[in-house]
Structure formats: structure tokens, C-alpha cells
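Visitor: I am new to reading protein models, and I would like a close look at a single part of this one. Could you take me slowly through the charged side chains that pair up, and through the helices that carry them?

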Amino acid sequence: MHPGRILCLCFLVSMVAGCESRLAGLSDTELQDNVHECNTQSSQSPGFAISCDNYRRECERRREAGRYVC
């Protein structure tokens, strides 16, 4: 594998890990507000859509833990 690809892969993995820990630190209200904004936007940029997917995954993680936030 090309060294640049390895570096890029490591960067992406660290970004995802960082996002997950940041999302875990959101209050329930902040998470609800973000999900609501995602659900009401008709056209989304690719970055916004990725953020929305991350918020939905955090909702699912909390739901599995017994916290029905969104």
C-alpha cells in the first residue's frame, strides 16, 4: 500500500474516533437540536450529510444504552 494512502487512512480513522468522542459529549438537548436541523434541511451539502449521519448514529448508540433522546 502506498505510504500516502496509509497516512490518509490513519487520518480518517482518527477523525472518526474524534467525532464519536465529541458527539458522546453533547448534551441530549444539543443532540436533539442537531437531529432536528438535519431532518428539516431539504438540501444538504456532503459534509452536512455526514454530520447528520454521525448524529443519527449517536442517537442509536444512546438508544441502545436505554436513553431514548431522539
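**Salt bridges around one helix**

Guide: In this predicted model, the side chains of E58 and R61 meet in a salt bridge, with 2.5 Å from N to O. Both residues belong to helix α3, where they stand 3 residues apart, so about one helical turn separates them. E58 counts as buried because its relative accessible area is 5%, which is under the 20% cut-off, whereas R61, at 40% relative accessibility, counts as partly exposed.

R57 is partly exposed at 46% relative accessibility, and D53 is partly exposed at 37%.

A further salt bridge, between R62 and D28, has an N to O distance of 2.7 Å, and it links distant parts of the chain, with R62 in helix α3 and D28 in helix α2, 34 residues apart. R62 counts as buried at 1% relative accessibility, while D28, at 30%, counts as partly exposed. D28, E58, R61, R62 and R67 are linked in a network of salt bridges, and the structure holds 6 salt bridges.

Turning to helix α2, we find that L31, N34, V35 and C38 are buried there. Seen down the axis of α2, its buried residues fall within an arc of 95°, so they line one face of the helix, and these buried residues pack against α3.

Key:
Residues are numbered from 1 along each chain as its sequence is written. This is a predicted model: local features need pLDDT of at least 70, side-chain atom pairs count only at pLDDT 80 or more; totals for chains, interfaces and linings use all residues. Side-chain values use heavy atoms; hydrogens and water are left out. Buried means under 20% relative accessible area, exposed over 50%, partly exposed in between (1.4 Å probe, protein chains only). Helices (H or I, at least four residues) and strands (E, at least two) are DSSP runs, numbered from the N terminus. The arc is that of the directions from the helix axis to the C-beta atoms. Contact means heavy atoms within 4.5 Å. A salt bridge is a side-chain nitrogen of Lys or Arg within 4 Å of a carboxyl oxygen of Asp or Glu.
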